[in-house]
Amino acid sequence: MARSLSYGDAARLLGGGPEHRAVAALDRLTGGLLLTGTGTGVEFALSLFDAKGELARLCGELLSGLGDRLCGLRRYDRTERLEAARMIIMLTAFFEAVAESGVELPFTADELRMDRALQVGFVTRSSLPAARLGELVPMLVSVHKFGLSLGEGPNPGFPGLLQYYQHEGVQITYFLRELAELHGRADAIGPEFEQVMTSTVPELAVQRYEDLFLRLATEFPEVAFWTARAERAAIQQEVRDTRAGLARLGGVLASVADGRPPGERRQALAQRYQSVLTRPMVPSDEAADGFAVPSAGDAYIDPRYRAAGVSRGDPVDEESWWRDHPVRDSLQDFLIGHLTSTTAVMCPLIVLGLPGSGKSLLTKVLSARLPPSDFMVVRVVLREVPADTDLQSQIEYAIRDATGETLTWPAVSRAAGDALPVVLLDGFDELLQATGASQTDYLEHVVHFQEREADQGRPVAVMVTTRTAVADRARIPLVGAVAVRLEPFDDDQVRSWLEVWNKVNAPRVAARRLRPLPAEVALRHPELAGQPLLLFMLAVYDAADNALQRDDAGLDQAELYERILVRFAEREAGKIPGHDLTAEEELHRLSVVALAMFNRGRLWASEEEIDADLGALLGLAPARRPGSDFRRPVTPAQAAIGRFFFVHKAQAVQADVRLITCEFLHATFGEYLTARLLVRELEELGAAAGASRWRQRVDHGFLQAVLSFEPLTKRGQIIMFLTLLIAGLPKGTRTALRELLLISFHSALRPWAGSTGHDYAPADLPVPARHAAYSANLLLLAVLVGGPVTGRELFPEACHPVAEWRRHALLWKSQFGFEGWQGLVATLRLERTWHEDEREVVIGLGMGMALMPDPSWTYAFPPGGGWQLFDGEELRRENHFACDLGGDVAWHALEPFTATRPGDMFTTGFGAVHGSETESLAHALITLWTVSGDPYRADALEAAYARCLAHVPQPAVALELAMLSLVLRQMAADADRVSLGLRTRMHGLTHLHMMRFSGKEERLIREWLRDLNVPEGSERPELE
């Protein structure tokens, strides 16, 4: 693999070899560490102060005439030498800062010169291991550890640079201190010297580096894009022209190109890719309604992005991980810097994004914009090349597809000449999705490919695109990879895109007396407008008759989705002669596709899986294509999804078989269609139930089949759409549906036999899991249809509905997993109440407050029902056996109380306080201690003591005395904060039980009584 440069590498590259005068002199002054790394570093540390001016001058000599020396070099050689120049100016800045700071050694260099024996002794000193010598000399320190090559770090312009120079100052100070100590001058390197080397010098070095870097970037524009300083006015004056279509990227890279004109093969590839700029951004058949589709060159808007260095184990698929990386503007600036740096040939650039975010269009436009004089691009559409072959064969396949020639990769690479080969691997997620786990090591193969090519003198840059959601299924290389995540459009980008759309469609809009689509209308739907392809969908929907503008103000999200999908279904059906399906039938099939994904717990499904589901639920079989008797039959999946561009079809070719999976460009389309299917079925069932005296006779087998695999609460958007759609059902239908759903719930856990849809099997689940999903979904739908339901409605035959509720809740928790269980708890609100003298539950919609349990309700004794004591050991044993997380947390918190038998009674003994309220002794004591420790809750202290005193007369003597002792000890500490009346009550109550205490305990009790400061004669022997 191409490796990062050391300072020695940089000096050799710029000087032409070790024989160059400046290189040889630098190596001599640094004690041989520059070229061989075999010295001790003593000469360098001393020369830094003895010959600092000479060091800076020699470094400057290496940079002189750099422009002339870069003429005629191939792209990667130019990159290497500019990287070397950047590293040399880092060293130069440090040398100049040392000279400018005026820092001097407190002794002469000759005083610390060492003979060979002394040098060996220095290296072997225990306080300075030899392994650390490589970190003490700047020439041997890799700048990558400070993030300087990736543009990461705290400094906005040159991140990590100050830290890097501080590191050098610390190491050199330590080095010289050890050296001085070896000569008996331990106190020579004092705090003042260390302050200058670790603070003054680093700050000066950063300033000098900024000046030197600006000079380098002014002469060589690509250097400006290596850091976040590309926006500096002095650098950007001549390149800030347009931000659309990666146009600046092509302009900047063409301006610095120095290669020979491209050969025939390189030019053939370039011409093939450049033609995409003038073609419509989506296939031309999308323009059936007469509107114009902008070209890719005009419509492509440079996306915002986040960038990060990544390594194995980083959760790049998680939103929370990316929050720590800022959103940046202008991806093309980043790409200029990346493709002109050595990082590009070391590891692939991984581009992540949502479906419809423009990943594929990015690779198309990039392949067209990169100047063929300096870059040879090969765009590999992974869905169209064999998935079961190696990377090199996939690249060769793509070259043949683009040019018609069968060429080997080494031949093509050699034909690149001065240009840097750039391989764009588009759609890695399609390989993962279509082939399963067989491609999880694909990125590692990419790294090995780059390493081999570098070893052969054919360095190659690689970029891989993938959907963010499946990125966790691929093993990221251990180190060195860079990831970019494309961000949704912001408001300005939406406006820019619509300006292009409205401009190309202006004649059609005027001819039909329509209005252009204002950005403000599209921006009311950010979940769609933020993704380029979905923004296009909104624009197409509005293009026919301004439907989005006309109805937008009064539409909820479900109504908008319904109208958009119906419009597209009608439009697609109208394109096919002899097509006899209505828009409703088209959407019904598409809804089964959405259900196929949801019931498998995924955002996608394979064509084979969709075929099986359509056959099981709708009885669909392959059919002839319209207008032809000779072509192979269309599968149900192809018929259902083939005409909708908002269904993304991922494919891979494996063993000459196309593996196809399908996914909605935005997950909410699938979630809406799932809700739509369920509400359509509910509407039919409600109408049938309303017309029948016997609700049980209504066939609900379809509902049973589709609701018994996943809890609907796993997707919050499905619940939102269900709520909106159910609200539109007639009141009579909803009333009949509520009764029908409750009847179905009553038998949901009983065996199913002879029901419709029993062949539908999207997942192989155990029987308890299916019954759990079905019963929970019926409950949810009953609540959505008719409002809150009670335990007695759910379990009419149960003597104790709460016990039945707990049985069902434990089943759901055991079968749903964490995500499904949490979704259910967050969606349904439970209220604990009473029905006469019996406990009751009421289940409604919405996230209720997690109220503290009421012991009287928990243990089913009426409020104010006196003292109750339960077996704590039995409760702990039950919790231990069940491995319940919540129980473990609670019992661990109460462990101090349960350490002794009376303590156990503290947690399981309950009594009435102030008539109607019930609490445990542990609750009363913890409340007291919490309030006592809070100086701002003095007003609550009296009440806390009163509640504890109300618990003292208990039936168990040991428990009563323990409670009395704990409260008395705390009140003794709080005596100056408690009223005399309460202290008097405590004093009198304790005297009543004094005879039960003995020995040491009695002495403590008397001490605490004295601390109460109750005046003599005022004790009352009883409670009020």
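**Entry 1: helix 8**

I started with helix 8 (residues 161-182) and checked its length: at 1.5 Å a residue its 22 residues should span 32 Å, and the end C-alpha atoms are 32 Å apart, which agrees. The expected span here is 1.5 Å times one less than the number of residues. I took helices (H or I, at least four residues) and strands (E, at least two) as DSSP runs, numbered from the N terminus. Just after helix 8, I found Gly184 with a positive phi of about 80°.

**Entry 2: ground rules**

I note that this is a predicted model, in which local features need pLDDT of at least 70 and side-chain atom pairs count only at pLDDT 80 or more, while totals for chains, interfaces and linings use all residues. Residues are numbered from 1 along each chain as its sequence is written, and side-chain values use heavy atoms, with hydrogens and water left out.

**Entry 3: the chain overall**

I recorded 47 helices and 15 strands in the protein chain. Of its 1024 residues, 53% are buried. Buried means under 20% relative accessible area, exposed over 50%, and partly exposed in between, with a 1.4 Å probe and protein chains only. I also looked up the contacts, meaning heavy atoms within 4.5 Å. Among contacts with a separation of 6 or more, 73% are between residues 24 or more positions apart.

I looked at strand 6 (residues 481-486) and found six of its six residues buried, so the strand is largely enclosed by the rest of the structure. Ala481, Ala483 and Arg485 point one way, and Val482, Val484 and Leu486 the other way.

I then looked up the pairing, for which DSSP must find at least two bridges between two strands. Strand 1 (residues 305-310) pairs with strand 6 in the antiparallel sense over six bridges. Strand 2 (residues 349-353) runs parallel to strand 6 and is joined to it by four bridges. Ala483 of strand 6 is the bridge partner of Ala308, and Ile350 also stands opposite Ala483.

**Entry 4: strand 3**

I found seven of the seven residues of strand 3 (residues 375-381) buried. On one side these are Phe375, Val377, Arg379 and Val381, and on the other Met376, Val378 and Val380, so that both faces are covered. Strand 3 runs parallel to strand 4 (residues 420-426), with seven bridges joining them. I noted Val422 in strand 4 as the bridge partner of Val377.

**Entry 5: the sheet 10-12-11**

I traced an open sheet of three strands in the order 10-12-11, with antiparallel pairing. Strand 10 (789-790) and strand 11 (828-835) are at the edges with a single partner strand each, so one side of each has no neighbour in the sheet. Eight antiparallel bridges pair strand 11 with strand 12 (residues 838-845). Thr833 has Glu840 in strand 12 as its bridge partner. Helix 35 (residues 767-786) lies across strand 10, strand 11 and strand 12, and runs at about 75° to strand 12.

**Entry 6: two helix pairs**

For axes I used lines fitted to C-alpha atoms, for helices over the stretch in contact, with angles from 0 to 180 degrees between N-to-C directions. Angles under 35 degrees count as roughly parallel, over 145 as roughly antiparallel, 65 to 115 as roughly perpendicular, and the rest as oblique. A crossing is left-handed if the near helix is turned anticlockwise from the far one by less than a right angle, and right-handed if clockwise.

Helix 28 (residues 583-598) and helix 29 (residues 607-618) pack at about 120° with axes 9 Å apart, and are therefore oblique to each other. Their crossing is right-handed. The contact involves residues including Val592 and Leu595 of helix 28 and Ile610 and Leu614 of helix 29.

Helix 6 (residues 75-101) and helix 9 (residues 191-219) pack at about 135° with axes 7 Å apart, and are therefore oblique. Helix 6 passes helix 9 in a right-handed crossing.

**Entry 7: two single residues**

I found Glu710 in the loop between helix 32 (701-706) and helix 33 (716-726). Glu710 counts as buried at 14% relative accessibility. Leaving aside neighbours within four places in sequence, Glu710 is in contact with Phe598, Asn599, Arg600, Gly601, Ala773 and Asn777.

Leu361 is in helix 16 (residues 359-369) and counts as buried at 16% relative accessibility. Not counting residues up to four places away in sequence, Leu361 touches Ala296 and Tyr300. I also checked Leu361 against Val282: the two are 79 residues apart in sequence and 9.5 Å apart in space, C-alpha to C-alpha.
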